[in-house]
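Subject: Structure for your files

Hello,

The structure we talked about is below, with the sequence. My notes on what was found follow.

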Amino acid sequence: MGPKLAKPPLYVTQPHMPPLAEFIPYLEQIWENKWLTNSGPFHERLEQAVADYLGIEHLVLFNNGTVALIAALQALEIDEGEVITTPYSFAATSHALLWNQLEPVFVDVEPGSCNLDPGRIEAAITPRTRAILPVHCYGNPCAVDEIQAIADAHDLKVIYDAAHAFGVMHRGRSLTAYGDVAMLSFHATKVFNTFEGGAIVCHSVEHKRRINLLKNFGIVDEVTVAAAGINGKMNEVQAAFGLLQLDHIEAMLARRRSIDARYREALGGMPGIRLLEWVPDALANGSYFPIFVEPDFPLSRDGLYDHLREHGVHGRRYFYPLISDMPMYRQRPSADRANLPVAARLADEVLCLPIHPDLPAEDQAMVIDLIAGCR
Ligand code: T4K
């Protein structure tokens, strides 16, 4: 037996683990098949099941969201120039650009939604701009219409980092339906997980074929390698776990939404605490619960982070530091904090509170009481 955590802290996220007994038949099937990866039967079933669940026609599974994003950029043949993106995200968003020798150009975000500010995008476009890479931060929809209109006017591609957006419905359809492509992450800490995993949503058979080619080394057949592809393949254990998770997804989403609602009710009017403004016309997935600790709260953001941690509550500063403040980005002119005042403030004030389907009500009450007790 491996090590067991003594008394686990209250983590910012935790995967929901379906009963182990439900997973055993899947494992038995994999043992019997002796087909462990490379478009195995569970992979094929999951790819179709996720597409059906999202109401999407074309979807390609990957072994993680980062590799999916790297491959998607290549599939769109964005192979040089600049890409406009947000500094307020997980490092993977911009890292995918550097891995493709693309130049990230950072544009500030909106304070309410934390998403790329569409009003600032055009000023950042140059003759070298090839694409826009916005993030639906915390699953909250970007200004998809404005972004698409700008992209159309300037002949740019739109690649959504939708890592947080599984299960978010926007105007009656999956948020992943927007843009030329959208990337999903199925990492262990996400709403829907396959241990590690991810997917690309795209919009044509031809594009799906190209992405599939790139995810499997560029192999066409036993004697033909047509592109410098990568290994982005999801294995059978991951895919089987995903199928099992899908059986439970509605209950998990409902639980997340009710935890979200309880936090909103308890913390909504609290002086010094600001909440994320969820975009109208969208059904949230409760993937994260960020609060913004403003100057009139008795503790600083880091003070509150430490206070919670002393009581076993491990909040996380998603997203601090800003990507643009990381050493591989900060020399760029667009990375200057003076160019990104809203993102800089959000990064200094944000603290994500625990939210996951199995969070006990009394633990959530303790988190709320710890915050309220600071006043
Ligand atoms: N774009 C965006 C906007 C993203 O947020 C991400 C990933 C990506 C792209 C890239 O997608 P992937 O390539 O990852 O598919 C985590 C995740 O590793 C990362 O997937 C996620 N975003 C990011 C926001 O958070 P860490 O290093 O902060 O997470 P970690 O491993 O410290 O886990 C957080 C907490 O969750 C732990 O304190 C405890 C709990 N936990 C974690 C794991 C791994 C568990 O309870 N069980 C677990 O198995 O990056």
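Ligand site

An oxygen atom of the ligand is 3.3 Å from an N or O atom in the side chain of His187, a polar contact (a pair of N or O atoms within 3.5 Å; within protein, one must be able to donate a hydrogen and the other to accept it, and residues adjacent in sequence count only if both atoms are side-chain atoms). The protein covers 77% of the 920 Å² of accessible area that the ligand has on its own; such areas come from the Shrake-Rupley method with a 1.4 Å probe, and for residues only the protein chains shown count as cover.

Please keep in mind that this is a predicted model, in which local features need pLDDT of at least 70 and side-chain atom pairs count only at pLDDT 80 or more, while totals for chains, interfaces and linings use all residues. Residues are numbered from 1 along each chain as its sequence is written, and side-chain values use heavy atoms, with hydrogens and water left out.

Helices (H or I, at least four residues) and strands (E, at least two) are DSSP runs, numbered from the N terminus.

The ligand takes up the space of the largest pocket. A pocket, on a 1 Å grid over the protein atoms alone, is an open set of points where a 1.4 Å probe fits, with protein on both sides within 12 Å along at least five of seven lines; a molecule sits in one if more than half of its atoms lie within 2 Å of its grid points.

Strands

Strand β2 (residues 58-62) is largely enclosed by the rest of the structure, because 5 of its 5 residues are buried (under 20% relative accessible area; exposed is over 50%, partly exposed in between; 1.4 Å probe, protein chains only). His58, Val60 and Phe62 point one way from β2, and Leu59 and Leu61 the other way. In a regular strand the side chains alternate between the two faces of the sheet. β2 pairs with β10 (residues 198-202) in the antiparallel sense over 5 bridges, and Val60 has Ile200 as its bridge partner. Pairing requires that DSSP finds at least two bridges between the strands.

Elsewhere, 3 strands form an open antiparallel sheet in the order β8-β7-β14. Its edge strands, β8 (173-174) and β14 (282-283), each pair on one side only. β7 (residues 169-170) is joined to β8 by 2 bridges, and His170 has Arg173 as its bridge partner in β8.

Backbone points to check

Most residues other than glycine have a negative phi, and most peptide bonds are trans. The bond joining Tyr318 and Phe319 is cis, with omega about 20°, and so is the bond from Tyr320 to Pro321, with omega near -5°. Phe319 is in the loop between β16 (313-314) and α9 (341-349), and Pro321 lies in the loop between β16 and α9 as well.

Positive phi values occur at Asn38, near 65°, and at Phe195, near 70°. Asn38 is in the loop between α1 (20-33) and α2 (41-54) and is partly exposed at 35% relative accessible area. Phe195 is in the loop between β9 and β10 and is partly exposed at 45%.

Regards

Key: 1 Å grid on protein atoms, 1.4 Å probe; cavity = no way out; pocket = protein on both sides within 12 Å on 5 of 7 lines; lining within 4 Å.
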